Amino acid sequence: MTINFHPIAERLAQEFAETAAERDKAGGTPKRERDRLRESGLLAMSIPTEYGGGGASWAETMLAVRTIARADSSVAHVFGFHHLLVATVRLFGSDEQMETLGRATCEHRWFWGNALNPLDKRTVAAPDGVGWIWNGVKSFCSGAADSDILIASALSSVDGKLMVAVVPSDRAGITIHHDWDNMGQRQTDSGSVAFQNLKVNADDMLTTPGPLGSIFASLRPCLAQLILVNVFLGIAEGAFEEAKRYTLSRSRPWGTSGVAAASDDPYILRHYGELWLALEGARLLADRAADVFQKSWDLGDDLTARQRGETSVAVAAAKVSATKNGLDVVQRMFEVMGASATAAHFDFDRYWRNLRTHTLHDPVDYKLKELGEWALCDTIPTPTFYS
């Protein structure tokens, strides 16, 4: 039986919205909200039905991420990354690992956390004759706190290559630090994780084919970027709806406008028209990117380098649009609400803080460079962890 996950995501989003501003100010781990996701079944939605999951398409999964991001982008971030991390087993690991871990995730309602960050090279893995011993630190470990399973990476002391493993979050040798103190995405727990003589077994490693080890495996960064697209777009959509409610219920027209209601002010209407148009374009690109990604995903190891490149281009276009248009919305929302909307108790600035923080994840300029190379030279992007 096919499950419609959208109503579940909608109900949770409405629930999360009630405390989003309060929790944004408090920071820390959104434990209750994470447990509500565990209870909802949404953590299993992208896992194949043959492993006990919901078998949802990536378009359905992205819509759930976007829906939750409208209300709470921190929770949406770790929710989206959970699905990325589970998919990492399918992309980097063996069929047997995907079946075992997929079934266990559904059965135990595991929430996966991130300690991969390939740009942070401080963690080193040394062989011990049977497996590996890891030592070091990883930064930007979103969702590590309150996770059940971690996807983590280290550099091999033998050849310097990147190694990726799946380990229980409570395994001896792992310390998850609560040191995330940034201006936005305050409940993503994106701080650091330390490894001290962590024992990583051979069967914990994802080596078939390993990190970006095949054309199909190189879809992982496309999926990561697609998740960010939908978090960004969800933030902007949430800001837009917040501004609409405020304008219609509280805003006053300017004294020389000659109209009785803010909703009749010609300049406010122009702003809303421009913002809606920007969001509509971003939505279309995001939905198209999800469809293109699904087609590539379905091809598996039959995926060609050209098809993978076209997928990366579609996702990059959506990423640039969601970034630029989203930032425009969260900044200009105050122009259509007025000065009283800057009162601290509304916490409307969280939309800007969250999006501005998250859009610095990797420079959008490099996405534009890739799009320029595609548009001018018909050159597809080279697979990296960010393209």
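I count a residue as buried when its relative accessible area is under 20%. This is a predicted model, so I keep to what the coordinates give.

Entry 1: I started with Asn117. Is Asn117 buried or exposed? Its relative accessible area is 12%, so Asn117 is buried. I then looked up its phi, which is positive at about 20° although Asn117 is not a glycine. Asn117 sits in the loop between strand E1 (112-115) and strand E2 (124-127).

Phe140 also turned up in my search, with a positive phi of about 55°. I placed Phe140 in the loop that joins strand E3 (132-138) and strand E4 (149-156). Next I checked omega. The peptide bond from Thr208 to Pro209 is cis, with omega near 15°. Pro209 belongs to the loop between strand E7 (193-200) and H7. I noted the background: most residues other than glycine have a negative phi, and most peptide bonds are trans.

**Entry 2: cores.** Which members of the largest nonpolar core touch the most others? I found Leu37, Leu42, Phe79, Trp112 and Ile151, out of 91 residues. Helix H7 (residues 220-249) gives the most to this core, with 16 residues. Another core lies apart from it, with 18 residues, including Ala115, Met163, Ile174 and Met205.

Leaving aside neighbours within four places in sequence, its contacts include Leu85, Trp112, Asn114, Val164 and Leu206.

**Entry 3: sulfur.** I searched the whole structure for disulfides and got 0. I looked at two cysteines anyway. Cys141 has 1% relative accessibility, so it counts as buried. Cys106 has 18%, so it counts as buried too.

**Entry 4: voids.** How many cavities of 30 Å³ or more does the structure hold? I got 2. I sorted the lining of the largest cavity into 5 nonpolar, 5 polar and 6 charged residues.

The second largest cavity has a volume of about 40 Å³. Among its lining residues I logged Cys222, Gln225, Lys367, Glu370 and Tyr386. H7, helix H9 (305-337) and helix H11 (364-377) are the elements that give two or more residues there. The lining of the second largest cavity splits into 5 nonpolar, 3 polar and 2 charged.

Terms used:
Residues are numbered from 1 along each chain as its sequence is written. This is a predicted model: local features need pLDDT of at least 70, side-chain atom pairs count only at pLDDT 80 or more; totals for chains, interfaces and linings use all residues. Side-chain values use heavy atoms; hydrogens and water are left out. A nonpolar core is a set of buried Ala, Val, Leu, Ile, Met, Phe, Trp, Tyr and Cys residues joined through side-chain atoms within 4.5 Å. Buried means under 20% relative accessible area, exposed over 50%, partly exposed in between (1.4 Å probe, protein chains only). Helices (H or I, at least four residues) and strands (E, at least two) are DSSP runs, numbered from the N terminus. Contact means heavy atoms within 4.5 Å. A disulfide is a pair of cysteine sulfur atoms within 2.5 Å. On a 1 Å grid over the protein atoms alone, a cavity is a set of points where a 1.4 Å probe fits but cannot get out, and a pocket is an open set with protein on both sides within 12 Å along at least five of seven lines; lining residues have an atom within 4 Å of a point. Grid points are joined across faces, edges and corners, and a volume is the space filled by probe spheres set on the points. Ala, Val, Leu, Ile, Met, Phe, Trp, Tyr, Cys and Pro count as nonpolar, Asp, Glu, Lys and Arg as charged, and the others, Gly among them, as polar.
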